[in-house]
Amino acid sequence: MMLVQELYIDLESDLKRFARSIARHNLEADDLISYAVEKALSQREIETWPRHKQKAWFYRVMKNNLIDHRRKHQREDEWEDEYEPEFSAVGISSIEMVELLSKLPKNQSDIVFKRYWIGLTSKEIAHQTGLSAPTIRYHLAQALKTLREYMEEE
């Protein structure tokens, strides 16, 4: 463990520079470095490698972790887009829609408004409200079901 700490101190500026060059923001870069250091703690043979191999190993671990992380989020985003409920208010005026939305519970009304009038994704709405994206999609589906029922009544 002591060697990994010394290794990190020795390579710190290079690791930070590399992580910041491939990451979207500083927090993501810091996460990449933390992950690589944590993984280095379980790699006992790293202590015997020459310095250039150790540095290359850190770079590879950070790059692979970033790729894995982005692939995971890409799959989640594709899934989110695929299962997002569709809604069309064709033939309904804005005033009628506002009236229908006012019949919904406040949180559902806000979610429908943000999704279909402002154009936010369920992930963005979740970030604003502090709820999870699946919870937002659930509330959105419930609200749309209720809106369709209201529209059929009229």
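The expected span of a helix is 1.5 Å times one less than its number of residues. Helices here are DSSP runs of H or I with at least four residues, strands are runs of E with at least two, and both are numbered from the N terminus. The model is predicted, so local features need pLDDT of at least 70 and side-chain atom pairs count only at pLDDT 80 or more, while totals for chains, interfaces and linings use all residues. Residues are numbered from 1 along each chain as its sequence is written, and side-chain values use heavy atoms, without hydrogens and water.

The protein contains seven helices and zero strands. Of its 154 residues, 29% count as buried, that is, under 20% relative accessible area with a 1.4 Å probe and protein chains only.

Helix α2 spans residues 26-41. Its 16 residues reach 23 Å from the first C-alpha to the last, close to the expected 22 Å. Buried in α2 are Glu 28, Ala 29, Leu 32, Ile 33, Ala 36 and Ala 40. They lie on the same side of α2 because they cover an arc of only 140° around the axis, taken from the directions from the helix axis to the C-beta atoms. The face turned away from this buried side carries Leu 27, Asp 31 and Glu 38, which are exposed (over 50% relative accessible area).
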